[in-house]
Amino acid sequence: MSVETPATPEAPVASGAQVAPELPHLADPRTAAAIELIWREAQLLDRKQYHEWDRLWAPGGRYVIPIDPETEDFESTLNMVYDDDRMRRMRIERLTSGHSISVAAAARTVRTLSRFVVQHHDDATLTLSSAQVLVGHRREQTFVLGADVTHRVRLDGPEPLIQEKVIRLVNSEDAVNASGFLL
């Protein structure tokens, strides 16, 4: 079973017409498990526990921060970040090795993810959209980053894992400084 559109209140259905199955609600155990995974991810990122964060990813998972806020074709468009497993691990190595300039003065962060909406589900995955507000502090300056985030979570294994994470920064088309942290 596969559903592509958010659940909406249905109008009366004519006799014989089929009604699309409803998407799981936030109280559904699969949805709750995916949200708990996303909150755990946020905690690990704020604590800069990047190797533990990497264990939350399914094999072949993609981490994407597109510049174009409307694009769905990440492979053919310019992105701030487009990481597969290998690139994500290389980024973690740069952030944890102490050799990167951006790490020397890495920002302290605290992020909140909320406004969860189930976008899609099938037997193996659940896709959630959410809003992220990240507050960071670096070099005596505090900054705020807002983003619409989409997580595709694999639910067909012993524990939920991130298959894809897309972060659409509200200011993605503006100049963005090197952050020294992961979104």
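**Exercise 1. Find how many residues lie between β5 and β6 in their hairpin, then describe the pairing of these strands.**

Solution. β5 and β6 form a hairpin, with six residues between them. Strands here are DSSP runs (E, at least two residues), helices are H or I runs of at least four residues, and both are numbered from the N terminus. Before going on, please keep in mind that this is a predicted model, in which local features need pLDDT of at least 70, side-chain atom pairs count only at pLDDT 80 or more, and totals for chains, interfaces and linings use all residues. Residues are numbered from 1 along each chain as its sequence is written, and side-chain values use heavy atoms, with hydrogens and water left out.

Next, look at the pairing: β5 (residues 141–154) and β6 (residues 161–169) are antiparallel and share eight bridges. Two strands count as paired if DSSP finds at least two bridges between them. Arg-154 stands opposite Leu-161 in β6, and His-151 has Lys-165 of β6 as its bridge partner.

Now turn to the other neighbour of β6. β1 and β6 run parallel and are joined by four bridges, with Tyr-63 standing opposite Lys-165 in β6.

**Exercise 2. Decide whether Glu-164 is buried or exposed, and list what it touches.**

Solution. Start with the strand: Glu-164 lies in β6, where nine of nine residues are buried. Glu-164 itself is buried, with a relative accessible area of 9%. (Buried means under 20% relative accessible area, exposed over 50%, partly exposed in between, using a 1.4 Å probe and protein chains only.)

Leaving out residues up to four places away in sequence, Glu-164 touches Trp-57, Arg-62, Phe-74, Thr-150, His-151 and Arg-152. With Arg-62 there is a side-chain to side-chain polar contact of 2.3 Å. (A polar contact is a pair of N or O atoms within 3.5 Å; within protein, one must be able to donate a hydrogen and the other to accept it, and residues adjacent in sequence count only if both atoms are side-chain atoms.)

**Exercise 3. Trace the ring cluster that includes Trp-57.**

Solution. The whole structure holds four aromatic pairs. One of them, Trp-53 with Trp-57, is edge-to-face, at 5.5 Å centre to centre and 80 degrees between the planes. For Trp-57 and Tyr-63, the centres are 6.2 Å apart and the planes at 85 degrees, so this pair is edge-to-face. (Rings of Phe, Tyr and Trp, the last by its six-membered ring, pair if their centres lie within 6.5 Å; planes under 30 degrees apart count as stacked, over 60 as edge-to-face and the rest as tilted.) Ring pairs thus link Trp-53, Trp-57 and Tyr-63 into a cluster. Trp-53 and Trp-57 are buried, and Tyr-63 is buried as well.

Technical notes. Contact means heavy atoms within 4.5 Å.
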